[in-house]
Amino acid sequence: MKIKAAVVNKVNEPYEIEELILSEMRDDEILIKIVASGICHSDDGRRTGVSIHSFPTVLGHEGSGIVEVVGKNVREFDKGDHVVISYHYCGQCENCKTGHPASCNHWVDFNLLGTRDDGSYVFNREDGTPVTNFFGQSSFSTYSLVHEANLTKVDPSVDLRLVGPLGCGFLTGSGTVFNGLKPQPASSIAIFGTGSVGLAAMMAAKISGCTRVICIDIHDNRLEIARELGATHTINSKNLDVLEEIKKITKNKGVNYTVDTTGVPAVMRTSVEVLAIGGVAAPVAATPKSMEINPLADLTMYNRSIKGVLIGNAIPQLSIPQLIEFYEAGSFAFDKLVKFYKFDEINQASEDSLSGKVIKPILIIDEDYVHRIHE
């Protein structure tokens, strides 16, 4: 089957729209017609060489689409189902079976190696050149092959052009709060970075009942958006001392929780320093950089801790419908953070994301898709 996909041929090269051959579907796979896909910083981290990856490749891991064909071993999905595509997990290891698929023993193999589990490729060029995939979905394509574990069914009344980013960026930010930090009502939280992950964390903190929700960034326009969406306090760290400002806000106690989405070593360090006694920091940026920590002085003496949270420690099939419910109730207004682009505008969308001009770009891959509200 011939498809179109945005291919990256070498590190730091732009996306190129190419015609590829999609491999023959297997009995445990599902053919998805991709409607739209968000662009995440993890995509460009792979493209620009921040993270190791094999090229040529088709990236994209915030897809939404419609089921076209199901393999004979597929049980939960049918042709015509509307879906959001997230990460792949095995469903059989002890972590999956205890409700932690983001800690799947095979997570790296399924999502980051670029092949099926037997080493075969989903995409190839006509001359036979293999092209790697990403997150078991590669949503920067008109069609893709995925597994049941990748998919979350959504009601046909949901606009598929909007909801793809619920599969990673918004899932990561909200899940870090809901499933990782689990803040107590009336607690305080500071969120460093107001991109899609940070603002999703901020909205989740409001939903969770945090009464002091502090957003830190260097861009006033993003801090303004944070206030519009519910932040109780904002700090421009380019102009103000974050530690001193948080001391003022919390009456010298510090905050109970922090989320760092920047990956900047000095900022990650600050996210620990501003914690109250017993506070918890969650550094979630996809970065190769490190921060300096003295375990005794920074953690032990204050009963503080640092918590790792991958993809919000979320079960997509449970969390994505919850986020849609929050959105429909008006408490998770992620639609205010997006900008739509045509598929062939992918390089402009990527540039706008990296520059901070746009918080969440979404590629409309199927321009013939029509959102029928009362379908």
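On a 1 Å grid over the protein atoms alone, a cavity is a set of points where a 1.4 Å probe fits but cannot get out, and lining residues have an atom within 4 Å of a point. Grid points are joined across faces, edges and corners, and a volume is the space filled by probe spheres set on the points.

What I am showing is a predicted model, in which local features need pLDDT of at least 70 and side-chain atom pairs count only at pLDDT 80 or more, while totals for chains, interfaces and linings use all residues. Residues are numbered from 1 along each chain as its sequence is written, and side-chain values use heavy atoms, with hydrogens and water left out.

By this rule there is one cavity of 30 Å³ or more, and the largest cavity holds about 30 Å³ of space. Its lining includes Leu171, Ser174, Phe178, Ser319 and Leu323, and helix 5 gives the most to that lining, with five residues. Helices here are DSSP runs of H or I with at least four residues, numbered from the N terminus.

Let me turn to the two helices themselves. The axes of helix 5 (residues 169-181) and helix 11 (residues 316-328) come within 11 Å and cross at roughly 95°, the axes being lines fitted to C-alpha atoms over the stretch in contact, with angles running from 0 to 180 degrees between N-to-C directions. The two helices are therefore roughly perpendicular to each other, a term that covers 65 to 115 degrees. Their contact, meaning heavy atoms within 4.5 Å, involves Phe170 and Asn179 of helix 5 and Pro316 and Phe326 of helix 11, among others.

Definitions and conventions
Parallel < 35°, antiparallel > 145°, perpendicular 65-115°, else oblique. 1 Å grid on protein atoms, 1.4 Å probe; cavity = no way out; pocket = protein on both sides within 12 Å on 5 of 7 lines; lining within 4 Å.
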